[in-house]
Amino acid sequence: MAPLAWVALVPLLALTRRRRAGQAALLGLVFGVGFFGILIYWFSIVGWLAWALAVLLESSSIALFSAAWAITSRRFGGSVSVPLAAALWVASEYLRAHFPWGGFTWGELAQSQHNLPWMLRSASIAGAWGTAFLIVAINCCVFFGLLSLVENKVTATRFLIVAVLLIAVPLLVREPRLGGPRVRVAIVQGNVPRSFAGSTLAKEQEIIQSHVDLTKELASQHLDLVVWPESSVGIDMRRDPAVAREVAGAARSVSAPMIVGGNLVVDPAHYKVVAFLISRHGSITATYQKTHLVPFGEYVPGRRFLSWIPALKQIPEDALPARSGRLFSVAGGRVAPVLSFEGDFGSLVRSRIAAGGRLLVVATNTSTWRSTPASAQHVALSQVRAAENGVWVVHAALSGISAFIAPDGSVVQSTPLWTATSLVQNLRFASSTTLYTRLGDWLPILCLVASVFALGLSVASAPEPTNLSTVV
């Protein structure tokens with residue numbers, strides 16, 4: 001299905017080109033609602049109102065792109081419009097990744113290429129933004145090629161040839177090479193009881209016990225690191241010595257350090273989402289605290305102003321974010337841990353790899369989303385993160401899908417949903433960094449500047465816009 005993204009935007013480009021900005025924005029919004037409404041339908045599990053709001057917020061970025069495209073396409077011709085349309089898209093996607101409430105990246109265009117490792121090579125140059133830029137440029141070439149097919153077959157052929165060349169461009173990017181220390185890693189997917197009649201405490205204890213038992217089964221595997229997912233220890237180990245002893249015993253049984261997802265109680269209204277580094281002897285040697293929280297999931301923005309909304313009673317406590325992340329030193333290398341939602345943000349993950357991380361661990365809990373495609377979509381985002389930074393990714397999910405992802409973005413091993421199981425894989429720490437890791441978000445910033453400049457020129461010399469009923 002990945003090649004579909006190379007032409008999927010053609011109808012949107014055709015319908016919104018040279019329209020009135022308001023008309024184009026409305027068409028873009030409809031396009032976005034159709035796409036995101038299906039892509040994140042699983043969001044309705046927490047309520048249809050939440051789904052509707054999420055879809056509208058996501059779709060607003062496409063509405064913004066469409067309006068900007070409508071305005072600038074009146075001023076600039078085909079050859080300039082190709083990179084300009086790509087820049088407008090990247091700029092709108094970049095804004096969506098930051099606003100509101102820290103942004104929401106689900107459904108980024110690069111994610112559509114997650115199973116085409118050669119196409120994701122472009123992400124190592126400019127991140128997911130580079131892959132998105134390439135895909136929009138391909139769509140634009142196809143659009144202008146079809147548009148000029150009747151009047152000028154030579155021009156049409158040129159545009160279509162450029163589209164094919166753009167598809168092949170990522171093949172010129174060198175594949176990532178790893179020369180760092182070897183490390184043998186296990187993912188323990190303890191699973192969540194789907195039909196549990198007992199108390200919440202009893203359920204948490206069962207989840208912990210499942211992870212402990214599965215870890216002890218790995219005693220003969222000669223492991224360097226064991227990863228438990230986010231929320232695998234939902235009971236504060238500082239307040240429950242019995243739980244602390246169970247987790248310590250699991251680490252001692254495999255004689256290997258463990259990264260364990262857990263929670264820490266701060267007070268009756270606040271908690272911390274964390275990942276512990278447990279030594280091979282069972283002691284907590286470091287703690288990572290989540291920095292980028294899920295709005296209306298792990299905390300309620302402006303809670304005091306929204307207390308009248310009954311649905312928010314499902315989120316009685318607010319998680320507290322850390323100001324910065326940290327790395328774990330394990331088996332001769334440095335591991336960058338991120339927790340669930342954080343792994344969706346290329347800019348955030350890049351900063352951890354740029355700070356010295358050479359192996360990425362994404363510990364997540366997608367059990368809320370049941371058997372929907374949400375878990376597979378989350379793995380796809382981790383595939384993009386791997387390709388952006390040229391590192392192995394250990395994607396550990398509480399109820400699945402867990403996966404080992406190679407530096408080119410390909411999935412090497414994975415687990416099914418709702419199964420208590422484990423995976424073991426030999427990995428290597430990265431010995432170098434990609435251009436994107438070193439330079440950061442240079443492309444979207446450049447695209448934002450170019451978009452503002454192009455919009456300014458277009459507004460200053462705007463011809464009469466085309467009516468909605470006019471044939472393109």
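These legends describe close-up views of one predicted model.

The model is predicted: local features need pLDDT of at least 70, side-chain atom pairs count only at pLDDT 80 or more, and totals for chains, interfaces and linings use all residues. Residues are numbered from 1 along each chain as its sequence is written, and side-chain values use heavy atoms, with hydrogens and water left out.

**View 1. The whole chain.** The chain holds 13 helices and 13 strands (DSSP runs numbered from the N terminus: helices are H or I with at least four residues, strands are E with at least two). Along the principal axes, the C-alpha atoms fill a box of roughly 75 × 55 × 35 Å. Of the 472 residues, 55% count as buried (buried is under 20% relative accessible area, exposed over 50%, partly exposed in between; 1.4 Å probe, protein chains only). Among contacts between residues at least 6 apart in sequence, 70% join residues at least 24 apart (contact means heavy atoms within 4.5 Å).

**View 2. The nonpolar cores.** The largest nonpolar core has 108 residues (a core is a set of buried Ala, Val, Leu, Ile, Met, Phe, Trp, Tyr and Cys residues joined through side-chain atoms within 4.5 Å). Trp69, Trp89 and Val394 have the most contacts inside this core. Helix H6 (residues 123-147) gives the most to it, with 13 residues. Apart from this core lies another, of 25 residues, including Val188, Leu214, Leu218 and Val260. Beyond four places in sequence, Trp89 is in contact with Leu9, Leu12, Ile62, Phe65, Leu109, Ala132 and Val136.

**View 3. His211 in helix H8.** His211 sits in H8 (residues 200-216). With a relative accessible area of 0%, His211 is buried. Setting aside neighbours within four places in sequence, its contacts are Val188, Gln189, Gly190, Asn191, Trp228, Pro229, Ser232 and Leu398.

**View 4. Ser279 between two strands.** The loop joining strand E4 (270-278) and strand E5 (284-289) contains Ser279. Ser279 counts as buried because its relative accessibility is 14%. Residues up to four places away aside, Ser279 touches Ala251, Ala256, Pro257 and Thr285.

**View 5. Helix H10 and its cover.** H10 spans residues 346-354, and its buried residues are Gly346, Leu348, Val349, Arg350, Arg352 and Ile353. Their cover includes E5, strand E8 (333-339), strand E9 (359-364), helix H11 (374-389) and helix H12 (435-439). Just after H10, Gly356 takes a positive phi of about 130°.

**View 6. Ala25 in helix H2.** Ala25 belongs to H2 (residues 21-39). Its relative accessible area is 21%, so Ala25 is partly exposed. Not counting residues up to four places away in sequence, Ala25 touches Ala63, Ser66 and Ala67. Asp240 is 215 residues from Ala25 along the chain, and their C-alpha atoms are separated by 54 Å.

**View 7. Val164 in helix H7.** Val164 is placed in H7 (residues 153-168). Val164 counts as exposed, at 55% relative accessibility. From Val164 to Arg96 is 68 residues in sequence and 29 Å in space, C-alpha to C-alpha.
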